[in-house]
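Please open the model in a viewer and keep the selection panel at hand.

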Amino acid sequence: MVSRIIPEIRSDDLGATRDFYCDLIGLQVEMADLPAFLLLSSPTTPAAQLIVNDNGHTGLPPGFAIDVETPARVDAIHAEVTRRGLPVVEPLTTKPWGIRRFSVIDPNGVRVTIVAHVEERG
């Protein structure tokens, strides 16, 4: 099951990007690990989100994240991606902020990050 698909953009200036999307457009900061990462969301529709990363992942193509709801599903998809020999560009890992994830390149050259929260969302 897929619970949301989250576009992800790269930024050389997270502060200016935050100001643009928050002050001008009206999104809010859901999570921040400055200076490298922002998760922005709609105040009225929290599942409407945008991820903004710094350009620390030089060489990776732009992409998006797909939330598959459980870490077990992330692991199962990773196993199938590996079995098929698809290019994994960010390894399977659990991030300190509670996300299990990895990134793969789809047949069109787009980076797809498969994610799930480690803890239950309430």
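Select Y21 first: at 23% relative accessibility, this residue counts as partly exposed (buried means under 20% relative accessible area, exposed over 50%, partly exposed in between, with a 1.4 Å probe and protein chains only). The model is predicted, so local features need pLDDT of at least 70 and side-chain atom pairs count only at pLDDT 80 or more, while totals for chains, interfaces and linings use all residues. Residues are numbered from 1 along each chain as its sequence is written, and side-chain values use heavy atoms, with hydrogens and water left out.

The rings of F20 and Y21 have centres 4.9 Å apart and planes at 85°, so the pair is edge-to-face; rings of Phe, Tyr and Trp (its six-membered ring) pair if their centres lie within 6.5 Å, with planes under 30 degrees apart counted as stacked, over 60 as edge-to-face and the rest as tilted. The count by this rule is 1 aromatic pair. F20 lies in helix α1 (residues 14–25); helices (H or I, at least four residues) and strands (E, at least two) are DSSP runs, numbered from the N terminus. F20 is partly exposed, at 41% relative accessible area.

Next, select the ten-residue core: I66, V68, V74, I77, V81, F102, V104, V112, I114 and A116 form the largest nonpolar core, 10 residues in all. Such a core is a set of buried Ala, Val, Leu, Ile, Met, Phe, Trp, Tyr and Cys residues joined through side-chain atoms within 4.5 Å. At least two of its residues come from each of α2 (71–84), β7 (99–105) and β8 (111–117). A second, separate core of 7 residues includes I6, F37, L39 and V115.

Move to H78 in helix α2. Is H78 buried or exposed? H78 is buried, with a relative accessible area of 18%. Beyond residues up to four places away in sequence, H78 touches V88, L92 and F102, contact meaning heavy atoms within 4.5 Å.

Finally, display R84 and E80, which both lie in helix α2, 4 residues apart, about one turn of the helix. R84 forms a salt bridge with E80, the closest N and O atoms being 2.7 Å apart (a side-chain nitrogen of Lys or Arg within 4 Å of a carboxyl oxygen of Asp or Glu). R84 counts as exposed at 56% relative accessibility, whereas E80 is partly exposed at 27%. Salt bridges that share partners join E8, R10 and R111 into one network.
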